[in-house]
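Load the model in your viewer and keep the selection panel open. The tour moves stop by stop.

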Amino acid sequence: MQKDTQLFDLIHKELERQRNGIELIASENFTSLQVMQAMGSVPTNKYAEGYPGKRFYGGCEVIDEIETLAIERLKKIFNASWANVQPHSGAQANTAVFLACLKAGDKILGLDLSMGGHLTHGSPANFSGKNYQALFYGVKKDTGTIDYDQMEATAKAEKPKMIICGASAYSRDWDYQRIRSIADQVGALVLADIAHPAGMIAKGLLNDPFEHSHIVTSTTHKTLRGPRGGIIMMRHDFDNPFGVKDPKGNIRPMSALLDLAVFPGMQGGPLEHVIAAKAVSFGEILTDDYTAYAKQIIRNAQAMSAAFVKRGYHLISNGTDNHLMLIDLRNKNLTGKKAQETLDKAHITLNKNAVPFDDKSPFITSGIRVGVPAITTRGLLEADMEPIVEMIDTVLSDTANEGRIAEVKSRVHSFMSKFPLYPELG
Ligand SMILES: *Cc1c(COP(=O)(O)O)cnc(C)c1O
């Protein structure tokens, strides 16, 4: 077969883009080479509907070992009792939980998308807002932190079946104990979606959601630095304390209901090459190198947020506990859209983001979200944060000055050339 140079040239172009730029999208990261090798490997050829030991196809004996290894490593990372590694993405993981635990029309209570929540936590644009009756809590206007009193009042008034915590653009830690006590008062399940901060939770650097949540979901490609994918886990309560019924009306363990919801409820054949890559990344997370990485993420985020504050930027909640910060640009007379587009020209990549109580549309927004997991993987340390903020500030202080933007772009390239990315790939 002839090599598809047209496509592989494009992949090389993308590699160069990733190498040259400063990647500040909070949900992105750079996997190891062995994670990518596992992803591009022969399990992609295999159908394996079902679970280890219970497949609908022959020839699954090696696949069973791969998937079991992924499950066992994941359970070890989070001291979990049960895990499902098949969801194709974080959204699929949440979909499966809803399918297992809720009936259409049930009430759910999640963080408002415009306050940092995720589409799958009840947004009207998403299945979670269409199939279920979505209620929301937000953050407090003065502090920018979760309004637990509002969560409690709404829960008591509306009696939701599930309370969802976790966010895509929230820089502070969560009080899982308080959330569980609210849920217990109204008989709700707690779903903790740790898609963003999972890596720091894995190393005990943030509060532990597993002790107080019935179910925990995550992506595998954000701070966990694995392939694109989703996971579902439990530590306790997998024996179904609420008597949730399966489609036939039988009360089954939660673990069985969740497995059934992923397959055959929502997905067909699992992506076993991705599950292999998940296993590789889970192995990496169990090492001391990864512990050092997770600690460095927090140090870098602290250094970067201090550098922004020093230059007069308004950080929601005035700082960060985790890997990201949310910046309100209104005092700089800029929209999120303008900031994202102008920084893109200088090869500094981040995303526009609504800020709490935003007066602009989600396509414009008043803010940007800035995260450090990807640059931390490249080896950048605290001292590298100030020069990055200085470059961002130079671009944002004069967004019409094309000459200055071009000058920053070449500084970005020479800065990042000190931190090689995938040198093995030529
Ligand atoms: C990223 C994210 C997801 C969804 O992940 P995908 O893999 O993009 O579907 C779910 N929940 C939260 C809180 C997220 O930040």
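Helix axes here are lines fitted to C-alpha atoms over the stretch in contact, and angles run from 0 to 180 degrees between N-to-C directions. Keep in mind that this is a predicted model.

**Stop 1: two packed helices**

Select residues 90–101, helix α4, and residues 254–266, helix α9. At what angle do α4 and α9 pack? The angle is about 120°, and the axes are 8 Å apart. The crossing of α4 and α9 is right-handed. Now show side chains. On the α4 side, the contact is made by Q92, T95, A96, V97, L99, A100 and C101. On the α9 side, pick M254, L257, L258, A261, V262, G265 and M266. Color the contact of α4 with α9 by class: 11 residues are nonpolar, 3 are polar and none is charged.

**Stop 2: a cis bond**

Stay on helix α9 and select P264, which lies in this helix. Is the peptide bond from F263 to P264 cis or trans? The bond is cis, with omega near 5°.

**Stop 3: the ligand**

- A91: a polar backbone atom is 2.8 Å from an oxygen atom of the ligand.
- D193: a polar side-chain atom lies 2.5 Å from a nitrogen atom of the ligand.
- K222: a polar side-chain atom lies 2.8 Å from an oxygen atom of the ligand.

Then switch to a surface view. The ligand taken alone exposes 380 Å², and the protein buries 85% of that.

**Stop 4: another helix pair**

Select helix α3, residues 61–78, and helix α10, residues 272–285. Their axes come within 8 Å and cross at roughly 35°. Is the crossing of α3 and α10 left-handed or right-handed? This crossing is left-handed. From α3, show I63, I66, E67, A70, R73, L74 and I77. They meet E272, I275, A276, A279, V280, F282, G283 and I285 in α10. In this contact of α3 with α10, 11 residues are nonpolar, 1 is polar and 3 are charged.

**Stop 5: a backbone angle**

Finish at R225, in the loop between β9 (215–219) and β10 (230–234). Check the phi value of R225. Phi is near 60°, a positive value in a residue other than glycine.

Key: Residues are numbered from 1 along each chain as its sequence is written. This is a predicted model: local features need pLDDT of at least 70, side-chain atom pairs count only at pLDDT 80 or more; totals for chains, interfaces and linings use all residues. Side-chain values use heavy atoms; hydrogens and water are left out. A polar contact is a pair of N or O atoms within 3.5 Å; within protein, one must be able to donate a hydrogen and the other to accept it, and residues adjacent in sequence count only if both atoms are side-chain atoms. Accessible areas come from the Shrake-Rupley method with a 1.4 Å probe; for residues, only the protein chains shown count as cover. Helices (H or I, at least four residues) and strands (E, at least two) are DSSP runs, numbered from the N terminus. A crossing is left-handed if the near helix is turned anticlockwise from the far one by less than a right angle, and right-handed if clockwise. Contact means heavy atoms within 4.5 Å. Ala, Val, Leu, Ile, Met, Phe, Trp, Tyr, Cys and Pro count as nonpolar, Asp, Glu, Lys and Arg as charged, and the others, Gly among them, as polar.
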